[in-house]
Amino acid sequence: MTSTWRWLLVAAIAPLAWGSTYVVTAQLLPADTPIWGATLRALPAGLVLLLLARRLPRRRWWWRSAVLGVLNVGAFFVLVYLAAQLLPSGVAAMLMATSPAVILMLAWPIAREKPAALSLLGAVIGFAGVVVLLAGATGTLNGWGIAASLAAMLMSSVGFVLARRWNDGTPALSVTAWQLTLGGLALVPIALLAEGAPPALDAAGLAGAAYLALVATALAFATWFAALQHLPAGAVGLVGLLNPVAGVALGVLVAQETFTAVQVIGMVIVLLGIVLGQPAIAAALRSARTRRTERRARRREVPTDTAQLRVRAAGAGGTV
C-alpha cells in the first residue's frame, strides 16, 4: 500500500506540471513566437529523455516517430502555445481535459477498440460540460483560441491512438524521446522561415522556457511513464484529472482569472464525465455487481440447506 501511494505521488507530478503550462506560457513567454516557443519546449526535453533512454529508433520507428512527433509534439505544442496566449488558462485546460473522450471515440475506428457503455456516457457528459463551460463565459472568448485548443486536443488524441496501435513493446520512454526530438527538430526550419531568429528572452522568459522544457515536459513525461509501470492504468487515469484542476487553480490564483457560476457548473460536468469514463470506475461497478450477485446466490442456498438438514434430522428421529 505504501508503495502504491508513493507511485501515485510520482504520477501526480506530470498532470500538475502539464496543467501549469498554460499560465506559464501566458505570463512569461512572448505571444508572437508560438513556433519558437514550441521548439524551445520540445527539443531540449527530447534530448534530455534521449540521454536517459540511450536508444535510437530502428527501421519503421523512424517514420513512426516522425508522424507521432508532428501530431503529439510539433503541431500540438504550437497549438497549445497559441491556446495559452488566447484563452484563459482554466478554459484552455478544461478543453484539453476532454481528450480522453475523443481518444475513446477515435480508438473505435482506428484501433478497433469498442468503448464500454459507461465510457460512452462519460464522453457525452464531458462534451455537454464543454458546451456549458463555453456558453457561460462573460464577454467573448477568442474563437481562434478555442479552435487552437480543440485542434491540439484532436491531433494529440489521434497521435495517442496511433501510438497505442503501433505498440510493439518498445519502451515508452524511448518512443517519447524520439517524438520530442524529431518533432522539435522539424520545427526549427519552420520557425526560422516563419518567425526569423529565436526570440530574445529576458530572465523571466528564460525561466519560463526552462520550466516548460525540463519540468513540464522532460520530468513530467519521465515520471508519468515510470508510474505507468507500477500502477493500474485506471489509477493513473484518475490522477490525470489533476491536469485541468491545476490549470483552473493557477489561472485563478496567478492570472486573476474569474469564472461565472455557469462555467463552474460546466467544469464540474466535464470532470464528472471524465471520471465516469475511467476504466477503474467501470471495474469497480462490475466488481460491486458481482458481489451483489454472489450474496443473492448465497441467500437462496441457505433455505435449501436448512430444509435438507430438517429432513435428515426427522429421519434420524431428532430435531433441529
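Is Ile-269 buried, partly exposed or exposed? Hi everyone, let's start there. This is a predicted model, so please hear all of this as a description of that model. Ile-269 has a relative accessible area of 24%. Buried would require a value under 20% and exposed one over 50%, so Ile-269 comes out as partly exposed.

Where does Ile-269 sit? You'll find this residue in helix 12, which covers residues 261-276. Setting aside residues up to four places away in sequence, Ile-269 touches Ile-125, Gly-126, Ala-128, Gly-129 and Val-132.

Now over to Thr-176, which belongs to helix 8, residues 172-195. Thr-176 has 7% relative accessibility, so this one counts as buried. What does Thr-176 contact, once neighbours within four places in sequence are left aside? The partners are Leu-49, Phe-221 and Phe-225.

Let's stay with helix 8 and bring in helix 2, residues 34-53. The two helices pack with their axes 7 Å apart, at an angle of about 150°. Because that angle is over 145 degrees, helix 2 is roughly antiparallel to helix 8. As for handedness, the crossing of helix 2 past helix 8 is left-handed. And what kinds of residues make up that contact? They divide into 23 nonpolar, 6 polar and 1 charged.

That's my tour, friends. Happy to take questions!

Note on methods
Residues are numbered from 1 along each chain as its sequence is written. This is a predicted model: local features need pLDDT of at least 70, side-chain atom pairs count only at pLDDT 80 or more; totals for chains, interfaces and linings use all residues. Side-chain values use heavy atoms; hydrogens and water are left out. Helices (H or I, at least four residues) and strands (E, at least two) are DSSP runs, numbered from the N terminus. Buried means under 20% relative accessible area, exposed over 50%, partly exposed in between (1.4 Å probe, protein chains only). Contact means heavy atoms within 4.5 Å. Axes are lines fitted to C-alpha atoms, for helices over the stretch in contact, and angles run from 0 to 180 degrees between N-to-C directions. Angles under 35 degrees count as roughly parallel, over 145 as roughly antiparallel, 65 to 115 as roughly perpendicular and the rest as oblique. A crossing is left-handed if the near helix is turned anticlockwise from the far one by less than a right angle, and right-handed if clockwise. Ala, Val, Leu, Ile, Met, Phe, Trp, Tyr, Cys and Pro count as nonpolar, Asp, Glu, Lys and Arg as charged, and the others, Gly among them, as polar.
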